[in-house]
Amino acid sequence: MMSKSRASRLGEFFAHKLEINCASISGPVFATGANDCVVNLWKMDEERTHKPARTLVGHSKPVQSVRFNSYKCEYLAAGSKSGTIRKWDLESGKVIALLAEHRASVSCLDFHPSTDHVLTTGSMDTNIKVWDDHKNKSMMTLKGHNAPICALQHSPDGAWVVSGDEKGSLIIWDLQSRGIVQDFKLGARVTSIAFHPVEMIMAVSEERRIRFFDLQNFTELGKSTLQTSKVHKIMFPKEGKALLSADSDGLKSWSWEPSVEMLDFVDASWDNIADIECSKSGGILYGVSLNKNIVRTTAVKLYKVDPFSIVPQAGLRRVTSPPGRKKDSYGGRRTPLRKASVTMAPNRQQPDPQSDLLVRANISNPPSTRRSDNVRLPFQEDDVNKFVIKKNRGRNKRSCKISSTLSRKDPKVKIIPQKRDQPIGLNMSAFLKDKNVDTAQLRKDISKDHSAFRAILKQRMVRLRVLRTYWSKGDMKGAIDSLVKMDDRSVAVDFLRHTQSQFQKAMTLDICREIVPILGQLIKTRFEEYITTALRYLEILLSGFSPVIKSTIAINKSSVGNVNPALEDRIGRCEACYSALMGTKKDIETLTKKGGSIQASALEVLRLLVALS
């Protein structure tokens with residue numbers, strides 16, 4: 001089912017002077033870090049005051065990652081592009097720890113679940129460090145990745161830490177033995193990691209796929225189909241009924257047994273979602289999405305999402321937990337460990353199991369999930385019980401409060417959506433210095449290009465319908481020919497994004513020859529979505545046709561005794577495909593100098609091009 005009524009926009013406002021890079025939610029508050037080198041704290045409520053509850057300063061380079069401590073929400077850590085990490089006390093707003101050993105940007109970090117002064121960080125320098133922030137130095141450095149670290153998560157009892165990198169390598173580390181428990185090679189960049197709260201199950205999201213792993217046998221339980229939108233964040237709610245994933249187009253719930261299956265979808269109208277978290281009652285899921293220096297906060301009514309719905313809906317399967325895989329203790333497993341490259345901090349001996357800091361943190365016993373009663377925040381907690389959304393239709397104004405404990409006996413409770421009578425943030429009088437300005441004339445001037453904009457959108461819709469007609473008939477060649485004639489990059493991206501799986505089945509040498517010039521145009525643009533789509537298709541084409549092209553071109557024509565028109569035609573098509581593919585090499589080499597997922601994809605395409613040549 002798809003419905004916007006289950007998701008409501010709480011606020012949208014300018015949060016920083018420069019582009020925002022990261023966000024983290026903890027209960028009623030969230031934090032944002034940006035290129036202006038500061039961290040702002042915000043209340044997750046409906047007031048939209050647009051003023052941060054607190055601003056944390058100290059970094060001299062852009063902030064790349066932020067994280068609250070696990071369960072007390074008393075501290076916040078932030079990593080910067082310079083490789084330094086600062087930890088603040090949220091009550092005083094003062095820096096209480098400065099950690100500086102990474103040689104590149106700190107891309108992710110996570111507090112140990114049992115103690116607030118043990119912090120694990122991952123960096124673009126491919127290393128993972130475990131810190132004792134009381135001493136302002138690292139206790140150990142874990143080396144095993146060959147690409148920048150982009151995801152990090154402790155197991156619930158703190159015995160393990162799991163890390164993922166840009167090339168899809170996933171490693172489970174044991175913090176006591178400093179060894180590798182298990183590693184997996186996935187297909188793409190790891191974006192998020194989540195542990196089941198009850199069972200020995202771990203979920204991992206790649207850019208467009210979700211995988212589930214059994215942590216007793218270290219086997220893959222299953223994986224989702226390739227998604228059309230990017231998967232940014234995943235999490236298990238406290239009961240573990242299903243996995244929640246925050247994609248570019250909305251919120252999805254997933255089951256994993258007997259097979260990986262999407263149970264429900266909510267159109268949340270968020271794009272670059274940075275973090276999600278459930279309220280204490282579990283009835284509301286909060287999301288924070290970023291758009292340059294603008295923050296958008298969203299609330300999803302989780303009690304209306306299957307399988308968390310208060311009223312069961314017919315035809316939707318419930319997720320049940322199979323026997324024999326209940327969680328025991330991650331640290332108590334007898335799994336043989338492989339040796340890992342671990343660098344100990346200077347002047348630190350191999351730890352005594354009885355005195356080591358992590359042992360004293362009691363990593364074998366999971367911490368209480370109850371929040372501390374004495375949370376030292378500069379503002380009061382504001383959860384679902386104060387979640388107010390107003391509706392304004394003409395003169396009728398009313399508001400309602402939703403109880404934080406939704407009764408299963410009263411499924412008729414409804415949340416009134418917020419007002420939409422006028423665009424948010426477009427109150428002209430607030431921006432006009434001269435109150436005598438004719439606002440009617442001003443509106444006319446602003447909307448003078450509206451008809452031209454509508455015409456562009458209408459033309460785009462007509463072109464997409466033409467492509468859909470060819471596609472519905474199974475005429476891939478006709479669709480690609482039309483796409484070439486249209487010479488419209490936005491239409492090309494829309495078409496290619498939604499036909500990838502069918503394209504792999506229908507591609508031929510002729511289609512390859514015609515579509516490569518389109519992909520070459522897309523990788524020259526400055527839009528990340530265009531470049532990512534083009535790289536994905538180039539990888540598909542090279543993986544599928546490189547052996548055919550290479551073997552066909554290698555045929556010595558002079559050795560063929562009789563004239564073979566079919567062979568000559570095939571050689572000609574292969575040579576045309578070869579020239580078209582190699583023509584993109586220079587632009588691909590330029591993209592390898594960029595960072596993030598584009599760099600990783602470009603490196604893979606370049607590797608395939610080198611192999612072809």
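In what order do the 4 strands of the open sheet run, and is their pairing parallel or antiparallel? In this predicted model, the strands follow the order E6-E7-E8-E9, and the pairing is antiparallel. The edges of the sheet are formed by strand E6 (63-68) and strand E9 (94-100), each of which pairs on one side only. On average, neighbouring strands of this sheet are turned by 20 degrees against each other, direction ignored.

Strand E6 is joined to strand E7 (residues 75-80) by 5 bridges, and the two run antiparallel. Within this pairing, Val-66 stands opposite Ala-78 in E7. Strands of a sheet pair through backbone hydrogen bonds, whether parallel or antiparallel. Tyr-75 also takes part in a contact between a charge and a ring: the charged end of Lys-87 sits over the ring of Tyr-75, at 4.5 Å from its centre.

In total, the structure holds 6 aromatic pairs. Phe-212, Phe-236 and Trp-256 are linked by ring pairs into a cluster.

Turning to the helices, H3 covers residues 450-472 and contains 23 residues. H3 is followed by Gly-474, where phi is positive, near 80 degrees.

Key:
Residues numbered from 1 in each chain as written. Predicted model: local features only at pLDDT ≥ 70, side-chain atom pairs only at ≥ 80, totals over all residues. Heavy atoms only, no water. Expected span 1.5 Å × (residues − 1). Pairing = 2+ DSSP bridges. Axes fitted to C-alpha atoms, helices over the stretch in contact; angles between N-to-C directions. Phe/Tyr/Trp six-rings, centres within 6.5 Å; stacked < 30°, edge-to-face > 60°. Lys NZ or Arg CZ within 6 Å of the ring centre and 35° of its normal.
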